Amino acid sequence: MLRSHPVPVALALTVPAALLSAAPAHAQGPAAYQKARDAFKAGDLATAVTEMEKAVAAEPANPDYNAWMGFLLVRTGDPDRVVKFLEKALEARHAVAETCTNLGNALLLRKGRTLQDTRRAISLLEQATKLQPESADAFNSLGFACWRTGDYGRAAAAYRKVSQLRPGDGQAHVNLGLALQRVGKDADAVAALRKGVGLLPDNAAAHAALG
């Protein structure tokens with residue numbers, strides 16, 4: 001019989017869409033915004049945070065600046081400060097998948113996370129997957145959030161989508177197998193776990209679950 005083990009999941013952060021543009025989203029915005037973007041591209045997170053703080057201070061309601069500020073703070077390991085920035089970004093622009101995903105992740109990463117935080121994260125991540133149905137990262141985070149609430153059926157559905165979008169991702173298959181195990185679908189769980197082990201032969205959780 002399969003054994004129960006926690007799902008090991010790494011939450012993925014989504015770069016704000018503004019990074020993809022060659023010029024700042026607001027041509028008249030403070031130079032700090034462009035400096036922060038440039039610093040991030042160069043791998044200098046400390047400078048990126050410092051400059052983006054200046055940009056937000058200059059234009060507190062700017063959704064792009066707030067979205068970036070939240071993203072950078074999660075990247076630097078400060079999820080508790082993130083929420084206010086990403087909530088403000090969503091107030092201005094409701095249908096931005098990256099912001100929904102990053103805010104959902106920030107809520108899941110909070111040190112004092114509550115059940116309400118997790119449920120809010122699920123709502124945001126469901127919105128993100130509707131806006132970007134090809135976003136494996138959003139589905140992965142959704143699976144993790146559903147797992148945390150004990151909704152293993154929904155977790156399995158989300159992880160199945162991840163495994164379809166990223167068939168070479170061994171962890172996605174392991175996560176799917178562990179979720180299927182929890183809903184009593186042992187045969188399907190074994191198949192998913194074996195596929196995961198084939199891609200990640202050193203995955204201890206998958207080996208233990210297979211027994």
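H7 and H8 run roughly antiparallel to each other (an angle over 145 degrees; under 35 is roughly parallel, 65 to 115 roughly perpendicular, the rest oblique). This is a predicted model, where local features need pLDDT of at least 70, side-chain atom pairs count only at pLDDT 80 or more, and totals for chains, interfaces and linings use all residues. Residues are numbered from 1 along each chain as its sequence is written, and side-chain values use heavy atoms, with hydrogens and water left out.

**The chain overall**
- The secondary structure comes to 11 helices and zero strands; helices (H or I, at least four residues) and strands (E, at least two) are DSSP runs numbered from the N terminus.
- Of the 211 residues in the chain, 47% are buried, meaning under 20% relative accessible area, with exposed over 50% and partly exposed in between (1.4 Å probe, protein chains only).
- Take the contacts (heavy atoms within 4.5 Å) between residues at least 6 apart in sequence: 55% of them join residues at least 24 apart.

**The core**
- The largest nonpolar core holds 53 residues, and Met52, Trp68, Met69, Leu72 and Leu103 have the most contacts inside it. Such a core is a set of buried Ala, Val, Leu, Ile, Met, Phe, Trp, Tyr and Cys residues joined through side-chain atoms within 4.5 Å.
- Helix H3 (residues 63–75) gives the most to this core, with seven residues.

**Helix H5**
- H5 has 13 residues, which should span 18 Å at 1.5 Å a residue, and its end C-alpha atoms agree at 18 Å apart. The expected span is 1.5 Å times one less than the number of residues.
- H5 is mostly covered, with 12 of its 13 residues buried; among them are Glu98, Asn102, Leu103 and Asn105.
- The cover over those buried residues includes H3, helix H4 (79–92), H6 and H7.

- In H7, 11 of the 13 residues are buried, including Phe139, Asn140, Phe144 and Trp147.
- Those buried residues pack against H5 (97–109), H6 (115–131), H8 (152–165) and H9 (170–182).
- The axes of H7 and H8 come within 8 Å and cross at roughly 160°; axes are lines fitted to C-alpha atoms, for helices over the stretch in contact, and angles run from 0 to 180 degrees between N-to-C directions.
- The contact uses residues including Phe139, Gly143 and Trp147 of H7 and Tyr152, Ala155 and Tyr159 of H8.
- H7 passes H8 in a left-handed crossing, where the near helix is turned anticlockwise from the far one by less than a right angle (clockwise would be right-handed).
- After H7 comes Gly150, with a positive phi near 85°.

**Helices H9 and H10**
- H9 and H10 (residues 186–199) pack at about 160°, with axes 7 Å apart. That makes H9 roughly antiparallel to H10.
- The H9–H10 crossing is left-handed, and the residues that meet include His173, Leu176 and Leu180 in H9 with Ala189, Leu193 and Leu199 in H10.

**A look at Thr118**
- Thr118 lies in helix H6 and counts as buried because its relative accessibility is 4%.
- Leaving aside neighbours within four places in sequence, Thr118 is in contact with Leu108, Arg113, Ala145, Arg148 and Thr149.
- Asn105 is 13 residues from Thr118 along the chain, and their C-alpha atoms are separated by 9.3 Å.
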